[in-house]
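Reader: I would like to go through this model term by term, setting each value against the rule behind it. Could we start with the contacts along the chain?

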Amino acid sequence: MKISDTINRIEPPKSYIGLALKWAKWRRSRIPVWAFVLLFTISACAIFAPVVSPGDPSKINLTKRLVPPVWESGGSSEFLLGTDSLGRDLLSRIIHGSRVSMLVGVAAVVLG
């Protein structure tokens with residue numbers, strides 16, 4: 001009996017086969033893949049918020065208050081989602097706020 005014959009007869013456990021079938025089915029469907037991409041992007045933005053955010057989320061600039069989003073008339077490419085009543089960049093505030101949300105979610109899972 002050769003070693004190659006023994007290796008060819010060894011079968012993976014059934015749990016691995018079921019997992020492989022689920023993985024293949026999951027990859028063929030587009031919705032879970034796009035959901036994973038979106039979740040990964042949001043998580044990466046939350047983790048790297050100081051690098052990714054366009055500005056300081058708490059910096060007050062009263063001369064730039066209530067600037068509309070870039071797609072509306074009067075919008076500025078400096079503030080993609082606009083500013084609030086104190087002139088703070090909304091995109092930066094959302095990105096930095098996602099860090100707190102991620103922390104709360106992780107704490108809820110860990111503490112169970």
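Author: Among contacts in the chain between residues at least 6 apart in sequence, 42% join residues at least 24 apart, where contact means heavy atoms within 4.5 Å. This is a predicted model, in which local features need pLDDT of at least 70 and side-chain atom pairs count only at pLDDT 80 or more, while totals for chains, interfaces and linings use all residues. Residues are numbered from 1 along each chain as its sequence is written, and side-chain values use heavy atoms, with hydrogens and water left out.

Reader: What is the confidence of the chain, and where is it lowest and highest?

Author: The mean pLDDT (the predictor's confidence in each residue, from 0 to 100) is 86 for the chain, and 86% of the residues reach 70 or more. Confidence is lowest in helix H1 (residues 3-9), with a mean of 59, and highest in H5, at 94.

Reader: Why is the pair of Glu-78 and Lys-64 called a salt bridge?

Author: A salt bridge requires a side-chain nitrogen of Lys or Arg within 4 Å of a carboxyl oxygen of Asp or Glu, and the N to O distance between the side chains of Lys-64 and Glu-78 is 3.4 Å, so the pair meets the rule. Both Glu-78 and Lys-64 lie in the loop between helix H4 (49-52) and helix H5 (90-111), so the pair ties together parts that are 14 residues apart in sequence. By this rule the count comes to two salt bridges, one of them joining the side chains of Arg-88 and Asp-84 at 2.8 Å, N to O. Side chains of opposite charge can pair when their charged atoms come close.

Reader: How do you know whether Glu-78 and Lys-64 are buried, exposed or partly exposed?

Author: Buried means under 20% relative accessible area, exposed over 50%, and partly exposed in between (1.4 Å probe, protein chains only). Glu-78 has 45% relative accessibility and therefore counts as partly exposed, and Lys-64, at 30%, is partly exposed too. Arg-88 and Asp-84, by contrast, are both buried, and of the 112 residues of the chain 16% count as buried.

Reader: What makes Leu-66 worth a remark, and why is Leu-66 called exposed?

Author: Leu-66 has a positive phi of about 55 degrees although it is not a glycine. Most residues other than glycine have a negative phi. Leu-66 sits in the loop between H4 and H5, and its relative accessibility of 55% is over the limit, so Leu-66 counts as exposed.

Terms used:
Helix = DSSP H or I, 4+ residues; strand = E, 2+ residues; numbered from the N terminus.
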